[in-house]
Amino acid sequence: MKIIADENMPNAKALFSHLGDVELVNGRTITNSQIKNADVLLVRSVTKVTRELLEGSSVRFVGSATIGVDHIDLDYLTEAGIEFSSAPGCNAEAVADYVFSGLSHLYMTKKLSWLNKKIGVVGYGNVGKTVYDRFTNLGCQVCVYDPFKDNEAGAANFVALDEILSCDVISLHAPLTTTGSFPSKGMIGSKELAQLSAGTAVISAGRGGVIDEEALLERHSQLNGDIHLVIDVWDTEPEINQDLVSIVDIATPHIAGYSKQGREKGTWMVYQALCRHLAISSQSVNKSDAISSGWLSSIDVVASGDQEEMLARSVQAIYDVARDDVRLRFKYRENKENNVFDWLRKHYVERDEFNTCAVGAINNDVSSLVCAVGFSKK
Ligand SMILES: NC(=O)c1ccc[n+]([C@@H]2O[C@H](COP(=O)([O-])OP(=O)(O)OC[C@H]3O[C@@H](n4cnc5c(N)ncnc54)[C@H](O)[C@@H]3O)[C@@H](O)[C@H]2O)c1
Ligand SMILES: O=C(O)[C@H](O)[C@H](O)COP(=O)(O)O
């Protein structure tokens, strides 16, 4: 069996080699002729899996080690009888970590307070719910907009989009969709951005295209820059709007989900799905061997005082999002690589999830707060 896999899929050779010959390729540039004789295609979000790519090939299974599926023509796969599996939720914890690292950065650099403010989450899927639950456990006033879930009465504080736009912090986690009753493409456009007050913080770690970037630049100018922006996903990836980069607090190259464990979980979930498809036992590899533990197994928080600073210091011990922003700006300035965006992603200095680290604390209140942000209990 021939398996073609994106070279950026961690552990692909180790996990899949006992099932067939694994060839690693550049996911951004995969062509129809490269996969013609393949039985299995394993991708990440940068490969457009379309009729054009697959027609005439012998591929019977496509796996995407990602949460998002907007790069996959699901209708074509169904029509062609090709089985598909993604990795729902694999990096939800990683994205939630990114959100809290973004807020920690805003607090430590601008004293932007968020803990006692109104928080709005867009999208209540694996990521949105994880983010929502962390804010709730931190005692924040949080609401969520998800037009496909708001009949889950009692599950969360569902509100209309207008109410989200009045929040102090807005965290976007909708998938990119262009059809259906609530397409998300451009859903945060000039009309919506006009409703944001000065001082709002917006975190965009879902998909580029959900926010209208030109409208965002205009609103930033109308507010004289008094809006705080943490942007991970971009409308025209792998090219990105440098005007937008120049005004945001944090600009990262679509790496919110790039925790070491999140990426490994993605491969692991696709591996299990392929084993099911082939009716082969996945027992030859243990999950604990496929998913790494972290560098810091525990930390002790011995000071409290300012709760937001205490949270920020704990968060930044594991992941300070500013490192990825600095690296992005440096690489674009240096401009030595052909494709800076993909280079940054390929050479990502991986990070661990907060949950790989247990927290000890001077008292239960401190311990509860740090665990609420995603750490494990000691
Ligand atoms: N930046 C990153 O590295 C990164 C990592 C993981 C996921 N993502 C993106 O985040 C998205 C969400 O991830 P998830 O795991 O929660 O997906 P999910 O499929 O579990 O949930 C998506 C949720 O969004 C809701 N939704 C759909 N259209 C909406 C709209 N117009 N307005 C509000 N809500 C809407 C759905 O009802 C669903 O509840 C993914 O589709 C992916 O594109 C980005
Ligand atoms: O949808 C996802 O899971 C994320 O956006 C994913 O982390 C993107 O990473 P990529 O597949 O582009 O490497």
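**A parallel sheet and its flanking helices**

In this predicted model, the end C-alpha atoms of residues 295–370 lie 18 Å apart. The span is 51% helix and 11% strand; helices (H or I, at least four residues) and strands (E, at least two) are DSSP runs, numbered from the N terminus. UniProt lists these residues, in an unreviewed entry, as "domain: Erythronate-4-phosphate dehydrogenase dimerisation". UniProt positions follow the numbering used here, feature names are shortened, and annotations may be inferred rather than shown by experiment.

An open sheet is formed by 6 strands, in the order E7-E6-E8-E9-E10-E11. The pairing is parallel; two strands pair if DSSP finds at least two bridges between them. Strand E7 (141–145) and strand E11 (250–251) stand at the edges. Each has a single partner strand, so one side of each is left without a neighbour in the sheet. Strand E6 (residues 118–122) runs parallel to E7 and is joined to E7 by 5 bridges. Ile119 stands opposite Val142 in E7.

Helix H6 (residues 126–137) packs on the sheet. H6 touches E6, E7 and E8, where contact means heavy atoms within 4.5 Å. The direction of H6 makes about 165° with that of E7. Axes are lines fitted to C-alpha atoms, for helices over the stretch in contact, and angles run from 0 to 180 degrees between N-to-C directions. Helix H5 (residues 92–110) lies across strand E8 (169–172), strand E9 (201–204), strand E10 (228–231) and E11. H5 runs at about 145° to E10.

The mean pLDDT (the predictor's confidence in each residue, from 0 to 100) of the protein chain is 96. Of its residues, 100% reach 70 or more. The predictor gives the complex an ipTM of 0.99 and a pTM of 0.97.

Residues are numbered from 1 along each chain as its sequence is written, and chains are lettered from A and ligands numbered from 1 in the order in which they are written. Local features need pLDDT of at least 70, side-chain atom pairs count only at pLDDT 80 or more, and totals for chains, interfaces and linings use all residues, while side-chain values use heavy atoms, with hydrogens and water left out.
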